[in-house]
Amino acid sequence: MLTPVKTHPFLKNVLYEITEARESSSVPEWAAGKPLAHHILIYITRGNGQLSVNGQLIKLERESLHMHPPGACLKLHTGSREEELQCCWISFDMYRLTEASLNRREYCRELGFPLHGELRIGGIQFKRLFYLLIAEGKLKREQHPYLSQQYVHDMLDGLLRYAEPAAPNDADMRLKLTLDYLQNHYREEIRIDKLAELAQLHPAYYSQVFKQAMDKSPVAFLTHLRINKAKELLLQTDKSIRDIAAEVGYKDEFYFSRRFKESSGYSPRVFAKKNDKKIISLSAPYTDHLYTLGLKPCAAQLHRHLPMTTISLTLPEHAADPWGISREAFLAEQPDLIVCKDNVLNKARKHINDIAPIVAVPWLSQDVYTHLMHISELVNREAEAVQWLQKHERSAEKIRKKLRPSVGSGTVAVCVCREHELRMYGARNIGHVFYRSLQLAPPERIQRQIDLHPAGTAYNWTAIEPDGLKDYDADFIFFAVETEGDKRRVFELIKTDSAWKRHSAIKNKRVYFIDWEKWMMYAPFLISQQLEEAARLLSQSPSLRELI
């Protein structure tokens, strides 16, 4: 069955049919050198190799994404055994509405797509949709075609909005060279002639190329870069205006203050104390922190469990993810401050450091409570942060007393079962509510890892094989799953694996399931929701009493 969906202009009045969604380490049928019968979207999950596209060889690398239309001839050349290539692919057709009347609709097959070849796109949402489609399986796609088509639509819509061709042209490479130079030498006196020489372009042409790409002249870019660096120092240090001016390349602090006011509209001292800053959050957990502090960023990376409406940004989750969003999204908002995790700071600086000051709040080296205080100091909301911390502790203490008769000194294991992976969690992310808020004891092996680091920092999880669950025995066990397929795999292991059958929580039917996406959010608003859910689950009858 075909279903129309609202879409990007190219996809308007388009229907989808999925012919295949798979993951494999062997060479697929479509990669034998014959013309493709359908559109194909390929995601390389592991290893490397080469792909011949109409006779031209392209290097395949881990985490790369490739789109090819019907008629393209693809031949896959896998890498060595040590770096075995594994890929996911989705093969599909598109049909566009060409005629419509009251009683009839006529569609023609769409053979083209605006993007092809290797593409760059940031964030984990794209990967998640890929895996969801594969996990659905053919039977389930036939039973729920609307959902599967929505997954395909969301992927294609994301590509059209955010993806870029992976291979830059020569002018892009020359421009990038000078941008890198500006980022590293902004304190120095820099002339257009010097930048043009680095790019090996005529100064007038270089200025033209620069302005077309960055929407401002090289001189304006350098000024904005310096002023934003100064703003970062104003927000994070107690340095004097004179010292800050010198640090960002201005010998005269009064001239610096004039340029600062011309650029931002207010003096350096006013900026530091400003309470109504326009903020952009590049990291979903820090969006949650701002929301908890009573602030609404003008644009942000959002999480679906956070009840906030603002401009949603598709951004990288990890340092390895490509930057997949244009500068225009940031230029349009004219923010006063950009907040992010430290693992995406370098990418953010390369792309938007001239637009606003970027402050990275350390992720792994700080726990959620320190994150909250750090961010509250940046936005002058320390009182609100303390208020949340006190309220959370009161709620946790109340629940600890309520659970004491039924849970007592019982131990709790937290296991993520997702996409064929098993992970035992410590006191960050999913484990925070159990081990810190509720002060429940983890399995001994987890406790040893937790004890090696300051509370809630550094250690996150340990990967295990199925038979390794026996090493993490506990009185209660929580399985965090993303899909129904993940949940079915847990039940199958419970029924068939002897190590799982011997686990104390499973023997005593003290097994619970929680939503991976909701519980992975390590931030105050969602932690409050998780605390309530944990209390509800531990207060009720064991979840498998009727199922085992």
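Which helix does R128 lie in? I looked this up before anything else, keeping in mind that the model is predicted. R128 lies in helix 1, which covers residues 125–143.

**Entry: R128**

I then listed what R128 touches, leaving out residues up to four places away in sequence, and found E482 and E517. With E517 there is also a polar contact, side chain to side chain, at 3.5 Å.

I followed an open sheet of five strands, and I noted their order as 19-18-17-20-21, with mixed pairing. Which strands are at the edges? They are strand 19 (461–464) and strand 21 (511–515), each of which pairs on one side only. I noted an average twist of 30° from one strand to the next.

Strand 20, residues 476–481, runs parallel to strand 21, and five bridges join the two. In this pairing I found A480 opposite I514 of strand 21. Helix 21 (residues 524–539) packs on the sheet and touches both strand 20 and strand 21. I recorded an angle of about 155° between the direction of helix 21 and that of strand 21.

**Entry: strand 7 and its partners**

I turned to strand 7, residues 73–78, and looked at two of its pairings. Strand 2 (residues 32–35) pairs with strand 7 in the antiparallel sense over two bridges. Here P35 stands opposite C73. Strand 4 (residues 49–53) is also antiparallel to strand 7, with five bridges between them. Which residue of strand 7 is the bridge partner of Q50? I found H77 in that place.

**Entry: nonpolar cores**

How many residues does the largest nonpolar core have? I noted 101, and the residues with the most contacts inside this core are F256, I430, F434, L438, W500 and L538. Helix 6 (residues 218–236) gives the core its largest share, eight residues.

Leaving aside neighbours within four places in sequence, F434 is in contact with V412, V414, Q439, L440, F478, W519 and A534. I also noted a second, separate core of 29 residues, with A21, L115, L159 and A163 among them. In soluble globular proteins, nonpolar side chains tend to be buried together.

Definitions and conventions
Residues numbered from 1 in each chain as written. Predicted model: local features only at pLDDT ≥ 70, side-chain atom pairs only at ≥ 80, totals over all residues. Heavy atoms only, no water. Pairing = 2+ DSSP bridges. Helix = DSSP H or I, 4+ residues; strand = E, 2+ residues; numbered from the N terminus. Axes fitted to C-alpha atoms, helices over the stretch in contact; angles between N-to-C directions. Contact = heavy atoms within 4.5 Å. Polar contact = N/O pair within 3.5 Å; in protein donor to acceptor, adjacent residues only side chain to side chain. Core = buried A, V, L, I, M, F, W, Y, C linked by side-chain atoms within 4.5 Å. Buried < 20%, exposed > 50% of the residue type's maximum accessible area, 1.4 Å probe, protein only.
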